[in-house]
Amino acid sequence: MKAPVLLAYDSPLEMRNDIEIAAPATGEVKIKVVASGVCHSDLSVLNGTIPLPTPIVLGHEGAGIVEEVGEGVTSLRPGDHVVLSFVPACGECYACKRGQAYICEKAAAQGAGGLLDGTTRLTSEGAPLHQMACLGTFGPYAIVPEISTVKIPDEVPLDIAALIGCGVLTGVGAALNTANIEPGDTVAVIGCGGVGLNVIQGARIAGATTIIAVDMVDSKLEMAKEFGATHAINASQGDPVAQVMAINARGVDVSFEVIGLQATMEQAINMARSGGEVVLVGVPRMDVFLNLNAAFTFLYLAKTIKGCWYGSSNVNEDVPKLLELWRNGDLKLKELISKEIDNEHVNEAFEDMKAGTVARSVILHSH
Ligand code: PAD
Ligand code: ZN
């Protein structure tokens, strides 16, 4: 198999042509990955923000077709179409049983860069290659846990299904599951990339009537309006908190941070109204800490700060719900795709992401 590999942090991915892929073990399936989005979290592994072990095949936003099933796999058959979930959902652990599959206890294994048993099914030049999030969708094939898949109808195009796997579940879920948006609410979304645009459309679906998009790139702010933003603020043209207060002096009912920087996380906290909610979605470096102002002020203002992992999604319930919203015309999916590329051009997709010129680049694999 031919796939781009991250050999060491802060270096471009390198194409390897000799990757060997083992057969699926018990509870695993082999997926012919048809499409994979390129998400900022992939770039965050490359630059060490998300410290996974190398060498590793990145990619955690994918969809494809089941090619082979391992022993004990009961829910899937070859030929089934699936969205890949970047968090496994075992359905049996403490979190899953409490409706919190997004923090399934089986996911603890992911930090080691292997599958659920800690080992990987990929080798190159005789050495093991890790798989991001038990997946590794930048490769045209992947062995993944059965519990990291959600079966979808064959007629759903797999390029848009791939985007559901991370950006849509996370962004729309942040608005519909993590936050408590009431109809008529005012919300602000800082960062209008592939995930932030989905927060914006989720806020629109939840009934927010004032949706303030904050970014530094005008083309992103234009896209934000297409996804439901009613106001746009360019953060490079003055303090975004003051700009939000100029629109709504009380502050917003719900603010979302979708970048992962200390400064913008603190902006989100400061632009929420007294009694409002702050939802932190962007993934910061491990050494980022937040300044919550004086403790008295924080509690007196009665704000709620919520961490948001995977849009607080229960993938087995939420993927069908999102597909229904898409079928009804309420959810834009195709519109998120700025560029379709092959997996040899993924380094350019990272450059486009850093330049802020794309919402999502999507890899379409050849097999
Ligand atoms: P992206 O790079 O597509 O979008 C980031 C956006 O932020 C771009 O439009 C930038 O122009 C904008 N931006 C950058 N700096 C600033 C600033 N100072 N002020 C205003 N705007 C700015 O990334 P993405 O949408 O793919 O991912 C966004 C974050 O979400 C990233 O940290 C990623 O790792 C995280 C993420 N979290 C989860 C989760 O489960 N919490 C899941 C998936 C992604
Ligand atoms: Zn992602």
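Val 34 touches Ala 63, Gly 64, Ile 65, Leu 158, Ile 363, Leu 364, His 365 and His 367, leaving aside residues up to four places away in sequence; a contact here means heavy atoms within 4.5 Å. This is a predicted model, in which local features need pLDDT of at least 70 and side-chain atom pairs count only at pLDDT 80 or more, while totals for chains, interfaces and linings use all residues; side-chain values use heavy atoms, with hydrogens and water left out, residues are numbered from 1 along each chain as its sequence is written, and chains are lettered from A and ligands numbered from 1 in the order in which they are written. Val 34 belongs to strand E4, where helices (H or I, at least four residues) and strands (E, at least two) are DSSP runs numbered from the N terminus. With a relative accessible area of 23%, Val 34 is partly exposed; buried means under 20%, exposed over 50% and partly exposed in between (1.4 Å probe, protein chains only). Between the C-alpha atoms of Val 34 and Ile 65, which are 31 residues apart along the chain, the separation is 7.2 Å.

The zinc ion (ligand 2) is coordinated by Cys 39 (SG), His 60 (NE2) and Cys 166 (SG) at 2.0 to 2.3 Å. Donors are N, O and S atoms within 2.8 Å of the metal (3.2 Å for Na, K and Ca), and water is not among the atoms, so sites may look incomplete. In sequence, the donor residues are spaced C-x20-H-x105-C. Cys 39 lies in the loop between strand E4 (28–38) and helix H1 (40–46), and His 60 in the loop between strand E5 (56–57) and strand E6 (62–69), so the pair ties together parts that are 21 residues apart in sequence. Cys 39 counts as buried at 3% relative accessibility, and His 60 counts as buried at 2%.

Turning to helix H7 (residues 262–271), seven of its ten residues are buried. These are Thr 264, Met 265, Glu 266, Gln 267, Ala 268, Ile 269 and Met 271. Their cover includes helix H6 (240–247) and strands E12 (186–190), E15 (252–257), E16 (272–280) and E17 (304–307).

As for the whole protein, it has ten helices and 19 strands, and 56% of its 367 residues count as buried. Its C-alpha atoms fill a box of roughly 60 × 40 × 40 Å along the principal axes. Among contacts between residues at least 6 apart in sequence, 70% join residues at least 24 apart.
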